[in-house]
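Hello,

Here is the structure you were waiting for. Please open it alongside this note; my findings follow below.

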Amino acid sequence: MKTKQLAITTCAAALATLSAGASAQISGGSVKIGVLTDLSGTYSDLAGSGAILATRMAIDDFIAKEKPTFKIEVVTADHQNKADIASNKAREWIERENVDTVTELVTTSTALAVMKVAKEKDRIAIMNGPASTPITNEQCNDITVHYTYDTYALANGTAKAVTQQGGKNWFFLTADYAFGHSLEKDSSAVVTANGGKVLGSVRHPFPGSDFSSFLLKAQASGAQVIGLANAGADTTNAIKQAAEFGITPTQSLAGLLMFITDVHSLGLKPTQGMFLTTGFYWDRNEETRAWSKRFFDKQKKMPTMVQAGQYSSIYHYLKAVKAAGSDDTSKVMAMMKKTPINDFFAKNGQIRDDGRMVHDMYLVQVKKPADSKYPWDYYTIKATIPAAEAFQPLALSRCPLIKK
Amino acid sequence: MNAPAAFPESKMPLLLGVLFAIGLVAPYAVYPTFLMKILCYALFACAFNLLLGFVGLLSFGHAAFLGTAGYVCGMVVRDIGLTPELGILAGTVAAGLLGWLFGWLAIKRTGIYFAMITLALAQMVFFLCVQIKETGGEDGLQGVPRGHLLGVIDLSDNIAMYYLVYAIFCCGFFVIYRTIHSPFGQILKAIRENEPRAISLGYDVTKFKLIAFTISAALAGTAGATKTLVFQLASLTDVHWHASGEVVLMTLLGGLGTILGPIVGAATIVSLQTQLADSVGSWVTVIMGVIFVLCVLAFRRGMVGELQSLIKRSGVN
């Protein structure tokens, strides 16, 4: 009995040394990146196959430029916006295929499910598609990064800038569920803090299709700005109907959660004059244009901020792996947080302890059809919102990792 | 709703025994979490089949039971901190009560009206789950711990969890099997075949239907509660009417009114959903649609139903 126990202990000790030796390098000789996204549903346009393409571009560029000694592999799957499929897939990838990081994860429910699995299995999760702030607040953990944007940055940026630029009277059209309520609450606070006034709000059922009575109420309120505290199809339907009711030229709409793909699918006519906040616009400068054109050549669509963020985050991750000389979770994470992000997507971007990547955001206004000179020429950049103001300050954080 | 040919009764225990043994060794060959998902959906489909296949009631609101039980189990385990078996029990009871309420309101109508009432009630549950704070709305109920079974066995181990799910599935399946093969089940089949005749024989048809509906709902709840523990989350997906539709698809694909059909159907659909997710991406929904159309056009008795009639025709006994 004694000898047996001794043998087991020795074996265990030997194994421990072995694994300690191996962890200084790359497990399995290759870095494996999982892209879990929506390929068939509502969000396939803003993330989807474009996010996979962005991932592959990041890997190709990284190999060409940094000449890593390790191999890089990608696995992809469609989570169909279902949290159980996402959690199942992530678990399987980590347990059976030894995936090092699970990325993209559009829709918050899938993101929250996967970040729990990843934390349990000690793997890095990088979020680009999901919007909700709980990822870096109540539910935060030390190895999840929320990279591109969140609802705070979008709502705060838009509400503040619009109010400061003279849109003092607001009326909210709010989707009647927790997400819409919090979007309305946060934006209202920003409007009032900047000297604006909220004249009222109306709640529409989620998901909604007929917004006529709600829009008429918004019109009758006489507010200068109608804030759309909703998302996805609700937002696009509301915009379309607002244009049909003749609301838009006289009152302006502010999209609190919108993407360039929404503008593209609606066209400029109903969206012209709208204010929104974005983390990336392809036509901002030479660098963004150069990258976006490469993306466009393959995808036939200009990138959304989610897709650009996906590229940037994967590149940043790979650079951290190379610098750390290992794919060990805590080492890579420490490296990712230590190194500032400087590329076409972000200047001096920084990953904070709550997992939030902070970078400049942009307030844009949608162009009039007559001012749009070439395809995808949609936005005029009205203001750059500096990183320090764009995201929720750490002082307000509800993340337990942040000590106050 | 023609009565499907029964599998040769004498061979049934043997077949079930073989399947049981396969289930015992399966987690060593196939990824356990994936198997657990199949088992949860298989139980859900079996529960649904009890109602549609053996009583002839098409409920289009079974997602409400699956989802509600999931949420209740999640809250009991995560927020109150009870053990997982109590969570599953709570989920089952909650779904059973909800099923009794739904049934009481709906079974006074038949056919399309019955289906529509169940759908409407299930949509009410869906909107409730979107609205109230406790369910987490769109984000769902996340981070449910698997905990320790009876406070002893650690369920965070996938193999341990698998055997718990397998045991639950077998119990549920046994309940359904016994229900169908009891005098009570005979009466249910009589109601399916000819309701006025069952009434004229003196049976209180409404009562029988209500009991069957409640059993079906409770078992669907067991499936939902178990699923919450497996994935450690409960989300709107399970209360959405898509889930009600999926279970109809599973049952029809596998074989309506056959005892093994729903299991085959559930395994097929779940495998397609998970495995195709890697390889074909956005084509998953299209492929599932094509399979459903083919199934309805070419083999209307479902996979198991067709197999049974094939065996019967070839005279193997």
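Predicted model: local features only at pLDDT ≥ 70, side-chain atom pairs only at ≥ 80, totals over all residues.

Residues are numbered from 1 along each chain as its sequence is written, while chains are lettered from A and ligands numbered from 1 in the order in which they are written.

Domains of chain A

Eight residues of domain 1 of chain A are in contact with 10 residues of domain 2 of chain A. Contact means that the C-beta atoms of two residues, placed from the backbone, lie within 7 Å. The domain 1 side has five nonpolar, two polar and one charged residues. Nonpolar covers Ala, Val, Leu, Ile, Met, Phe, Trp, Tyr, Cys and Pro; charged covers Asp, Glu, Lys and Arg; the others, Gly among them, are polar.

Chain A against chain B

Chain A puts 28 residues into the contact, and chain B puts in 25 residues. On the chain A side, the elements giving two or more residues are β2 (71-78), α3 (83-97), α4 (108-120) and α6 (178-193). Helices (H or I, at least four residues) and strands (E, at least two) are DSSP runs, numbered from the N terminus. α3(A) gives the largest share of that side, nine residues. By class, the chain A side divides into 11 nonpolar, nine polar and eight charged residues.

Two helix pairs

The axes of α3(A) and α4(A) come within 8 Å and cross at roughly 30°. Axes are lines fitted to C-alpha atoms, for helices over the stretch in contact, and angles run from 0 to 180 degrees between N-to-C directions. α3(A) and α4(A) are therefore roughly parallel to each other (under 35 degrees; over 145 is roughly antiparallel, 65 to 115 roughly perpendicular, the rest oblique). Residues of α3(A) that meet α4(A) include Ala86(A) and Ala90(A). This contact of α3(A) with α4(A) has seven nonpolar, three polar and one charged residues.

In chain B, the axes of α7 (residues 183-193) and α9 (residues 205-231) come within 10 Å and cross at roughly 115°. So α7(B) and α9(B) are roughly perpendicular to each other. Ile187(B), Leu188(B) and Ile191(B) in α7(B) meet Val205(B), Phe208(B), Lys209(B) and Ala212(B) in α9(B). That contact has six nonpolar, no polar and one charged residues.

Best wishes
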